[in-house]
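Subject: Structure handover

Dear colleague,

Here is the structure you are taking over. My notes on what was found in it follow below.

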Amino acid sequence: MKRRRFVGLGSGIAFTAAAGGGLATAPHARAADGTGASAVTAVTAQKATSAVAVTPSDSRYPDLISGNNQRWTSSPDKVVLPRTTAEVVTAVQEAVTAGKRLSVCGGGHCFEDFVFNADIKVNINMGLMNAVSFDSSMNAFKVGAGATLLDVYEALYEGWGVTIPAGICHSVGVGGHVTGGGYGNLSRQYGLTVDHLHAVEVVVVDASGTARSVVAARDSADSALRDLFWAHTGGGGGSFGVVTAFWFRTPGRTGAAETLLPKAPSKIFLTLAGWPWEKVTQDGFRRLVEYWGTWFEEHNTPGTTAGSLYSWLMLNHRDSGSMGAVVQLDASLPDAASVLSDFLAGMDAALGLSSATVRHDGIPDSRYTSTRLMPWLRGTKYIGAISPTQLDPTTRGCHKSAHLRRRTPQAQIDAMYAHLTSTDKPSTMTGIVLSASGGRIASVSSTATAVAQRDAIMKVNFESRWYDKADDTKNVGWIREAFGAVYGDTGGVPVPNDVTDGCYINYPDGDLSDPAFNRSSVAWHDLYWKQNYARLQQVKRAWDPGDVFHHRQSIRLP
């Protein structure tokens with residue numbers, strides 16, 4: 001079978017924000033009611049061992065004061081790398097007592113400056129708290145908040161054959177990813193990451209300024225703890241405390257460890273598609289975007305093969321040379337090869353390119369697509385690194401997002417085309433990515449978790465990545481102009497209505513708070529959380545009354 005060179009945006013199509021106050025990991029105390037969630041587990045500084053502390057004179061310091069987006073950097077007095085929850089409590093207490101602004105870093109993929117900025121004096125880096133294990137006392141899988149997605153995928157799959165439906169960029173940290181909801185290639189089949197979250201351990205600070213750790217579970221007997229758990233199912237990082245550990249178990253599951261989370265597919269079909277821009281007409285572009293959205297609007301039933309198919313449509317700027325698509329489907333599902341073949345043939349046909357999809361030993365293939373049948377974990381590792389700059393920590397970036405509840409309207413498609421074919425020479429790593437949503441995601445109520453956009457059929461990610469600081473203005477300007485034009489009819493942002501449904505907190509966008517760019521009457525927080533924001537504010541008041549954990553778009557005190 002032929003191999004196809006893949007040309008994509010080269011960025012974090014699935015980068016998810018490790019948003020600044022994130023999460024962490026530590027041992028829990030089992031509650032007397034048997035839920036595994038203690039009412040309040042206090043950890044005093046006296047119990048703590050010494051965390052690693054890196055100051056400006058340390059040779060490690062330059063590596064720890066910025067993340068993957070080199071637009072954002074910091075110069076803290078120190079970076080603390082704890083190994084235990086007690087050490088996190090100590091670090092937080094010391095910062096609070098000294099009146100020093102703190103932030104938390106998980107994987108370092110936050111799109112905005114929530115973690116790294118000039119005001120930060122203490123950064124807590126969770127990288128050493130990355131253990132993944134099965135906690136028999138909680139009857140759930142325990143994941144340290146410093147673990148990366150690849151840490152989790154490998155440990156769960158190799159140890160028990162299970163997984164969680166999370167992102168494709170495997171160097172992303174679970175801390176910010178999970179607290180923002182979590183989403184990836186298996187989400188149409190199995191739901192969001194937080195749909196399988198059972199409990200979190202969080203270091204919080206009370207009204208007296210005392211830091212302590214608590215365990216909040218889905219089934220905690222205490223309603224305040226249940227609210228704190230709920231806030232971590234999509235409320236974003238950096239608003240309530242430092243998460244030190246996550247426990248995962250699918251609701252309603254009991255029995256052996258191997259049955260408590262979704263089974264990872266044994267094999268997947270993984271398709272890479274590439275269409276040269278020189279062959280793409282404006283009419284073909286319109287038909288492709290409409291076809292792609294229509295297909296997911298019409299194939300949205302949870303539990304079906306079509307309802308489990310996942311795709312990104314990568315509308316790269318014309319200067320990149322091509323557009324592309326990535327498609328993944330569990331190969332064990334009924335008629336998987338046929339469903340995939342039909343979907344792929346429809347994209348070629350929409351573009352007006354003659355390239356009938358054929359099947360070789362059950363694997364669909366065509367002139368513009370290349371499909372491989374491979375084991376799930378190998379495919380997961382591969383898909384996370386198919387673009388040469390996907391994991392590149394030396395780039396600068398700008399990102400904006402939207403949820404769509406329906407196929408992309410014609411006016412929005414035309415605005416996309418106009419900017420993707422512009423002659424103003426943005427970075428060749430610039431474009432618009434449509435990623436499929438719906439399926440099992442939509443089977444959960446919009447208030448059951450903090451994620452409000454449950455019936456969206458796609459996410460849209462406007463993004464640019466580049467290397468030279470001198471190119472900041474040009475590339476940030478392109479993103480702002482393209483986004484503002486596509487959603488120009490609603491004040492430059494995707495306001496919640498019958499078609500658009502706000503923005504994705506894991507792709508945070510500081511411009512949403514700026515009336516120069518958000519000309520709508522919808523506040524930035526309602527674009528992220530809609531009706532759930534008021535409840536998030538109440539949780540904030542209960543668990544962080546002093547607003548210790550905050551950034552430019554953290555939950556505000558009511």
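Predicted model: local features only at pLDDT ≥ 70, side-chain atom pairs only at ≥ 80, totals over all residues.

D335 sits in the loop between β12 (322-330) and α8. Its backbone has a positive phi of about 55°, although D335 is not a glycine.

N139 is a further non-glycine residue with a positive phi, again of about 55°. The loop that holds N139 runs between β5 (132-135) and β6 (140-144). Is N139 buried or partly exposed? With a relative accessible area of 23%, N139 counts as partly exposed, because this value lies between the 20% and 50% cut-offs.

The largest nonpolar core is made up of 127 residues. Helix α8, which spans residues 336-351, supplies eight of them, the largest share. W275, F285, L315, L434 and V460 are the residues with the most contacts inside this core.

What does W275 touch, leaving aside residues up to four places away in sequence? Its partners are V280, L288, L313, S322, M323, G324, A325, M347, D348, L351, L353 and Y368.

Regards

Conventions: Residues numbered from 1 in each chain as written. Heavy atoms only, no water. Core = buried A, V, L, I, M, F, W, Y, C linked by side-chain atoms within 4.5 Å. Buried < 20%, exposed > 50% of the residue type's maximum accessible area, 1.4 Å probe, protein only. Helix = DSSP H or I, 4+ residues; strand = E, 2+ residues; numbered from the N terminus. Contact = heavy atoms within 4.5 Å.
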